[in-house]
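Got your viewer open and ready to go? Here comes a short tour, one selection at a time.

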Amino acid sequence: MKLAFLITAHNDPSQLRRLITSLPAGSGFFVHIDAKSDLSAFSGIAQLPNVHFAGQRINVMWGSYSQLKSQVVLLKDAMASEEHYDYFISLSGLDYPLWSNGRLLSFFSARQGTEFIEGIRLDRQGGQSRLYRHRRPLNRFFFRYGSIGSKFRVALREIIYALGFRKPLSFKAHGKTYHVYKGSSWWAITRGLAQSVLDHWADNEYRRFFLDFFGPDETFVHTVVFNSSFKDRALPSPEHAEHLEDLTPLTFIDYTTVIKVLDDSDFDRLMASGKLFCRKVVSGASDSLVQRIERERENYSNSGER
């Protein structure tokens with residue numbers, strides 16, 4: 001069982017190093033550092049075993065096409081590797097494993113062929129899909145928040161919506177109708193599905209729908225899955241979901257208005273969650289929690305359980 005971890009990061013190099021060194025040593029680690037970040041702060045990490053920094057760095061803007069693009073860059077790099085990876089696991093640099101490495105490997109080995117991804121069909125979500133009905137022109141381009149360009153883009157978006165123009169929640173590509181599905185960016189997919197995602201990325205007719213769409217990192221892959229036979233291998237999904245954590249099968253997230261920075265007080269519910277990973281773990285604020293998690297992982301490994 002060979003795992004490839006696709007890790008997007010923009011800060012906290014100490015935590016990124018801690019994450020990588022905590023994961024199974026034989027894995028591949030494909031890392032994208034936001035183009036806005038100082039790459040020199042991460043220089044030592046590139047020297048770790050099996051770590052591959054993305055040659056193409058994307059200037060990532062939350063909720064935009066650029067966020068999806070950084071993820072695809074990593075998937076391309078991992079698929080092009082000489083190593084044959086069985087699973088491709090999407091993480092952020094602020095994630096951390098809750099399970100021992102032996103248990104992680106056994107989990108994926110025992111369930112090989114399962115696509116660890118969930119999704120809900122957006123056109124069945126009523127008012128909750130309103131955010132996705134806004135066309136987002138210029139969404140491919142980076143403007144600093146608060147800048148004239150950013151304000152112009154937001155104003156243009158609202159004007160288009162006020163005039164009655166709506167982004168559809170289904171589209172056609174090569175005569176096939178795709179219903180748009182939403183889920184989480186944090187998934188684990190097989191090599192077969194990874195190739196299908198890259199094939200759809202190379203398909204301009206499919207890809208262009210997401211150019212002016214909100215949150216394509218949470219919809220592009222999911223739309224591929226749930227409009228194809230891969231849906232039969234995906235995890236059961238709810239019809240509706242009010243919170244992102246309801247669609248995040250492998251990673252514990254406490255997400256209300258913002259993603260909570262986890263600390264020592266969260267330990268018990270993390271261990272009871274049944275999730276493989278957690279986020280958001282931050283150097284300084286989460287150090288005591290990580291120490292407790294590591295003791296738990298070590299105890300599990302020493303117990304001989306699999």
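A polar contact, as used on this tour, is a pair of N or O atoms within 3.5 Å; within protein, one must be able to donate a hydrogen and the other to accept it, and residues adjacent in sequence count only if both atoms are side-chain atoms. This is a predicted model, where local features need pLDDT of at least 70, side-chain atom pairs count only at pLDDT 80 or more, and totals for chains, interfaces and linings use all residues. Residues are numbered from 1 along each chain as its sequence is written, and side-chain values use heavy atoms, with hydrogens and water left out.

**Stop 1: lysine 167.** Select lysine 167, in the loop between helix 4 (148–162) and strand 7 (170–173). Helices (H or I, at least four residues) and strands (E, at least two) are DSSP runs, numbered from the N terminus. Is this lysine 167 buried or exposed? Lysine 167 counts as buried because its relative accessibility is 4%; the cut-offs are under 20% relative accessible area for buried, over 50% for exposed, and partly exposed in between (1.4 Å probe, protein chains only).

Now show the side chain. Lysine 167 makes a polar contact with the side chain of aspartate 212 at 2.6 Å, and the lysine 167 side chain also reaches the backbone oxygen of phenylalanine 209 at 2.9 Å. Leaving aside neighbours within four places in sequence, the residues in contact with lysine 167 (heavy atoms within 4.5 Å) include Tyr132, Arg133, His134 and Phe213.

**Stop 2: isoleucine 159.** Step back into helix 4 and pick isoleucine 159. With 48% relative accessibility, isoleucine 159 counts as partly exposed.

**Stop 3: helix 3.** You have landed in helix 3 (residues 101–110), where Leu104, Phe107 and Phe108 are buried. Look down the axis of helix 3: its buried residues line one face, because they fall within an arc of 85° (taken from the directions from the helix axis to the C-beta atoms). An α-helix has 3.6 residues a turn, so residues three or four places apart point the same way. What do the buried residues of helix 3 pack against? Colour strand 1 (3–9), strand 4 (87–92), strand 5 (95–97), strand 10 (188–190) and strand 12 (277–279) to see their partners.

**Stop 4: histidine 32.** Go to strand 2 and select histidine 32. Histidine 32 counts as buried, at 2% relative accessibility. A polar atom of the histidine 32 side chain lies 2.8 Å from the backbone nitrogen of isoleucine 58. Not counting residues up to four places away in sequence, histidine 32 also touches a number of others, among them Ile7, Thr8, Ala9, Ser70 and Leu74.

**Stop 5: two loop residues with positive phi.** Aspartate 12, in the loop between strand 1 and helix 1 (13–22), has a positive phi of about 50° although it is not a glycine. Aspartate 12 is buried at 15% relative accessibility. Then pick asparagine 50, in the loop between strand 2 (28–33) and strand 3 (51–53). Asparagine 50 is not a glycine either, and has a positive phi of about 65°; with a relative accessible area of 36%, asparagine 50 is partly exposed.

**Last stop: serine 286.** Finish in the loop between strand 12 and helix 9 (287–302), at serine 286. Serine 286 is buried, with a relative accessible area of 1%. Beyond neighbours within four places in sequence, serine 286 is in contact with Val261, Leu262, Lys280 and Val281.
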